[in-house]
Structure formats: structure tokens, C-alpha cells
Amino acid sequence: FLTEKAKANQVTLTIDENVQYIVDRELKKGMSDTQASRGVAMVMDSRNGDLLALATQPTINLNLIAGKGWDQRIKNWGVTDFYEPGSTMKIFTVAAALEAGKTQIDEIIPTPGLIYVDKWPVHDHGASAGSVRMLKPFQILELSSNVGSSLLGRRMRPEQHRFLLSQ
């Protein structure tokens, strides 16, 4: 019989080798297509939080750096660094707006380079404050538009947005 302390110290691997293979392959392809210098992809089971896949690029070859001490190059920044929650929530906000009928997949949304939500500035990387881009929902995701995601989020009542995010 395991004691409660022993049970609390158990670790169960939840990585799915098939999902991991696909995530590794698609991350490499995406980085090659976009000429990105690094990337990370995670797949989690939304029902229970199980981590099904985790991939970072470039990968680390520990044989090449063995015995050289700790170095930023061997850090798995995919799990140790911080990311703005907005960058990970955009897809859910756009999906919620589609689900709620607050936008359509082919709607063209005038998206300024800068808006204010209450008193807080929200801007899009690479877009000038005075510019306006005409984006469809998939382009909001493709360009990681903070403004576009914010505009769609504001079309929903906070309770409706929260409810859809919890589904």
C-alpha cells in the first residue's frame, strides 16, 4: 500500500507518441515555412490538463554540451519562460465569437493598429497606430492580432465569453 505522501510523489507520463510525432513534424515545417528562429508547440487534453505533446525547436543535443555547465542554450524555454496569456487565448476568443454568432468566417473586420480598451492601449505588432487592416477571423489568428481579438471579444457580454471559454 502506498502512503498518501508516496501517492502525491507519483508522476504519470501522459505524452501520446502519435500526437508527439505530429507536433514535432508540424513545428519543424512551420518554422521552415516562416523562417522562425525558434518555436514551441504544446497539446493538452482540455478535459483534464494532461500534456499530450511538447515540442521545442531548435532541439538540444546534450552530447555536444556535456560537461560545459549550465547554459541558456540548454534551457527548455517552452516550459520555463513566460508568455502573455493573450497570445494563447486569441484562438479561444475568435472561436467563441464564431460560436456565439458574433462574427462569420468570411466577415471582413476593420482592424486598427491601435485601440484603447478602457484606458489601456492594445496594439498589433508591426502595424502602425494610424493604420487599419481589413482582416477576416482566420487572419486575426494568422497575424496574432491583439486588436482583432479584442474587437471580437468585446462583441460578447463578459458572461457569454466566460461561458464559451469554459466549454
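Predicted model: local features only at pLDDT ≥ 70, side-chain atom pairs only at ≥ 80, totals over all residues.
Reader: How many helices and strands does the chain have, and in what pattern do they follow one another?

Author: The secondary structure comes to eight helices and six strands, and along the sequence these follow the pattern α-α-β-β-α-α-α-β-β-β-β-α-α-α. Of the 167 residues in the chain, 25% are buried, and residues 24 or more positions apart account for 54% of the contacts with a separation of 6 or more.

Reader: Why is Ser 149 called buried?

Author: Ser 149 has a relative accessible area of 8%, and buried means under 20%, so Ser 149 is counted as buried. This serine is found in helix α7, which covers residues 146-153, and, with its neighbours within four places in sequence left aside, Ser 149 is in contact with Lys 90, Thr 93 and Ile 140.

Reader: Why is Pro 110 called partly exposed?

Author: The relative accessibility of Pro 110 is 46%, and partly exposed covers the range between the buried limit of 20% and the exposed limit of 50%, so Pro 110 is placed in that class. Pro 110 lies in strand β3, residues 109-112, and its contacts, apart from neighbours within four places in sequence, are with Val 132, Arg 133, Met 134 and Leu 151. The C-alpha atoms of Pro 110 and Arg 133 are separated by 5.9 Å, although these residues are 23 residues apart along the chain.

Reader: What makes the largest nonpolar core a core, and which residues belong to it?

Author: A nonpolar core needs buried residues of the nonpolar kinds, joined through side-chain atoms within 4.5 Å, and the largest such set has nine residues, namely Val 94, Ala 96, Ala 97, Ile 109, Leu 135, Ile 140, Leu 152, Met 156 and Leu 164. Helix α5, residues 85-99, gives the most to this core, with three residues. Apart from this core lies another, of five residues, among them Val 23, Leu 27, Ala 53 and Ala 55. In soluble globular proteins, nonpolar side chains tend to be buried together.

Reader: Which residues does Ile 109 touch?

Author: Not counting residues up to four places away in sequence, Ile 109 touches Thr 103, Arg 133, Met 134, Leu 135, Pro 137, Ile 140, Leu 151, Leu 152 and Arg 155.

Reader: How do you know that Asp 33 forms a salt bridge with Lys 29?

Author: The closest N and O atoms of Asp 33 and Lys 29 are 2.8 Å apart, and a salt bridge requires the nitrogen to be within 4 Å of the carboxyl oxygen, so the pair meets the criterion. Because they are four residues apart in helix α2 (residues 17-34), Asp 33 and Lys 29 are separated by about one helical turn. Asp 33 counts as exposed at 53% relative accessibility, whereas Lys 29 counts as partly exposed at 47%.

Reader: What other salt bridges are there, and how many does a search of the whole structure find?

Author: The search finds six salt bridges, including one between Glu 26 and Arg 25, with the closest N and O atoms 3.1 Å apart. Glu 26 is partly exposed at 40% relative accessible area, and Arg 25 is partly exposed at 42%. The side chains of Arg 155 and Glu 107 also meet in a salt bridge, at 2.9 Å from N to O. This pair links distant parts of the chain, 48 residues apart, with Arg 155 in the loop between α7 and α8 (158-166) and Glu 107 in the loop between α5 and β3. Arg 155 is partly exposed at 32% relative accessible area, and Glu 107 is partly exposed at 24%.

Reader: What lines the second largest pocket?

Author: The second largest pocket, which holds about 490 Å³ of space, is lined by 13 residues, of which Ser 87, Lys 90, Leu 141, Glu 142 and Ser 144 lie nearest its centre. The elements that give two or more residues to this lining are α5 and α6 (137-142), and α5 gives the most, with four residues. The lining residues divide into four nonpolar, five polar and four charged.

Technical notes: Residues numbered from 1 in each chain as written. Heavy atoms only, no water. Buried < 20%, exposed > 50% of the residue type's maximum accessible area, 1.4 Å probe, protein only. Contact = heavy atoms within 4.5 Å. 1 Å grid on protein atoms, 1.4 Å probe; cavity = no way out; pocket = protein on both sides within 12 Å on 5 of 7 lines; lining within 4 Å. Points joined across faces, edges and corners; volume = space filled by probe spheres on them. Nonpolar A, V, L, I, M, F, W, Y, C, P; charged D, E, K, R; others polar.
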